[in-house]
Amino acid sequence: MKAVQIVKPNDLRIIDMPKPEITEHDNVLVKIKASGICGSDVGIYHGTNAAATYPRVIGHEIVGEIVEVGSNAKSRKVGERVIIDQVTACGHCYACRKSRPNVCHNLQVRGVHIDGGYREFMAVPESDCYVIPDFLEYKDAVMIEPTTIAVQACSRAQLESEDDVLIIGAGALGSSLLRIVRLFNPHSITMADIDAGRLDEAMKNGATAVINSKSEDLVKRAKEITGGYGPTVTIDAACVKGSLLSACQAAGNATRVITMGFSIAPDEINQFVITSKELDIRGSRLQNRKFGEVIKLVNERKVNLQGAVSHTFPFLEAQKAFDFVDSRDPSIRKISLMFD
Ligand code: MN
Ligand code: ZN
């Protein structure tokens with residue numbers, strides 16, 4: 001079968017690899033139908049993702065059809081349309097024992113540490129497969145994964161309706177967050193970004209206030225919008241130099257600050273800003289078994305993933321697709337690689 005492999009940074013190739021076979025552990029065979037291109041895939045392609053190892057078949061937003069099940073498969077059936085959980089965990093480390101496999105000490109993420117979804121078939125445990133809504137096309141179903149990332153951040157933030165939420169960054173991650181945060185019906189949702197177009201879009205999609213951090217003082221405005229207190233949940237979805245400090249400075253006393261970035265560039269932060277307010281600074285990584293929750297939201301029409309994908313490419317034209325991403329064409333929202 002064919003696969004898209006990043007041999008080493010900036011070296012993408014279509015390779016032949018053996019079609020996987022069902023084993024006792026990996027007891028269902030999935031014929032891949034669509035795989036999304038995520039910012040982190042682009043990072044692995046360009047060699048800027050510190051977690052990735054090479055050579056690697058990338059792709060972690062993976063949907064397909066079950067074409068074969070092992071004799072020990074109990075819940076999944078041939079013909080089911082599914083999305084595959086990208087997290088694989090050891091099951092016995094401290095994090096796993098605390099039911100947090102997404103930060104397993106021996107974490108292996110499909111498409112990052114082990115081969116992912118840019119290939120024609122995958123054999124995986126049936127427990128990693130989630131049936132997608134009937135009405136959702138394969139190309140759009142890849143969006144379930146980014147939505148789980150947003151659900152995870154809200155879960156880490158222990159979001160409640162009385163919260164004043166500040167989301168720093170209105171790009172792909174920030175927009176996904178907005179889509180989920182609004183379901184909690186919080187007291188206010190403020191989005192901050194340096195791009196006016198993105199802020200307009202945020203207002204249309206349910207933000208109650210926006211801050212243009214290019215022309216306005218983010219910390220000062222975030223306080224003003226919340227009656228001087230500061231946001232009670234601050235999510236850093238910009239993940240750039242200075243954004244964590246701004247988040248902590250804006251945050252109100254006794255509140256939660258969520259980080260989602262993977263940058264290893266040092267950032268200036270001090271103890272005073274954390275201790276004086278007793279901030280809870282919490283990381284949010286990947287997602288912890290959130291697929292079922294998101295699929296339920298989509299089935300209940302509370303989250304609409306249709307129309308979020310702006311472009312599709314045949315997977316054998318992955319190079320073209322990644323070159324297109326590099327062009328930074330403003331029409332790009334989400335790109336799905338499509339399989340036969
Ligand atoms: Mn993703
Ligand atoms: Zn573990």
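Along the chain, the donors of the zinc ion (ligand 2) follow the spacing C-x2-C-x2-C-x7-C. In this predicted model, the zinc ion (ligand 2) is coordinated by the SG atoms of Cys90, Cys93, Cys96 and Cys104 at 2.3 to 2.4 Å. The angles among the four donor atoms run from 100 to 119°, and the site is tetrahedral. Cys96 is buried, with a relative accessible area of 11%, whereas Cys90, at 25% relative accessibility, counts as partly exposed.

His60 is buried, with a relative accessible area of 5%.

The largest nonpolar core comprises 48 residues, of which Val30, Ile37, Ile84, Tyr118, Phe322 and Leu337 touch the most other members. A second, separate core contains 44 residues, including Leu136, Ala141, Val233 and Ala237. Apart from its neighbours within four places in sequence, Leu337 is in contact with Lys33, Ala34, Ser35, Ile37, Tyr118, Phe313, Pro314, Phe315, Ala318 and Ala321.

Five aromatic pairs are present in the structure. One of them, formed by Tyr45 and Phe322, is edge-to-face, with 5.3 Å between the centres and 65° between the planes. This pair links distant parts of the chain, as Tyr45 belongs to helix 1 and Phe322 to helix 11 (residues 318–326), 277 residues apart. Both Tyr45 and Phe322 are buried. Phe313 and Phe324 form a tilted pair, with a centre-to-centre distance of 6.0 Å and an angle of 50° between the planes. Phe313 lies in strand 17 (residues 309–314) and Phe324 in helix 11, so this pair ties together parts that are 11 residues apart in sequence. Phe313 and Phe324 are likewise buried. Tyr45, Tyr118 and Phe322 form one aromatic cluster, and two of its residues, Tyr118 and Phe322, are among the core residues named above.

Aromatic rings also take part in arrangements with arginine side chains. The charged end of Arg301 sits over the ring of Phe135, 3.7 Å from the ring centre. Arg81 places its charged end over the ring of Tyr138, at 4.5 Å from the centre.

Notes. Residues numbered from 1 in each chain as written. Chains lettered and ligands numbered in written order. Predicted model: local features only at pLDDT ≥ 70, side-chain atom pairs only at ≥ 80, totals over all residues. Heavy atoms only, no water. Core = buried A, V, L, I, M, F, W, Y, C linked by side-chain atoms within 4.5 Å. Buried < 20%, exposed > 50% of the residue type's maximum accessible area, 1.4 Å probe, protein only. Contact = heavy atoms within 4.5 Å. Donors = N, O, S within 2.8 Å, 3.2 Å for Na, K, Ca; no water. Tetrahedral: all angles 85-135°; square planar, octahedral: opposite > 155°, others 65-115°. Phe/Tyr/Trp six-rings, centres within 6.5 Å; stacked < 30°, edge-to-face > 60°. Helix = DSSP H or I, 4+ residues; strand = E, 2+ residues; numbered from the N terminus. Lys NZ or Arg CZ within 6 Å of the ring centre and 35° of its normal.
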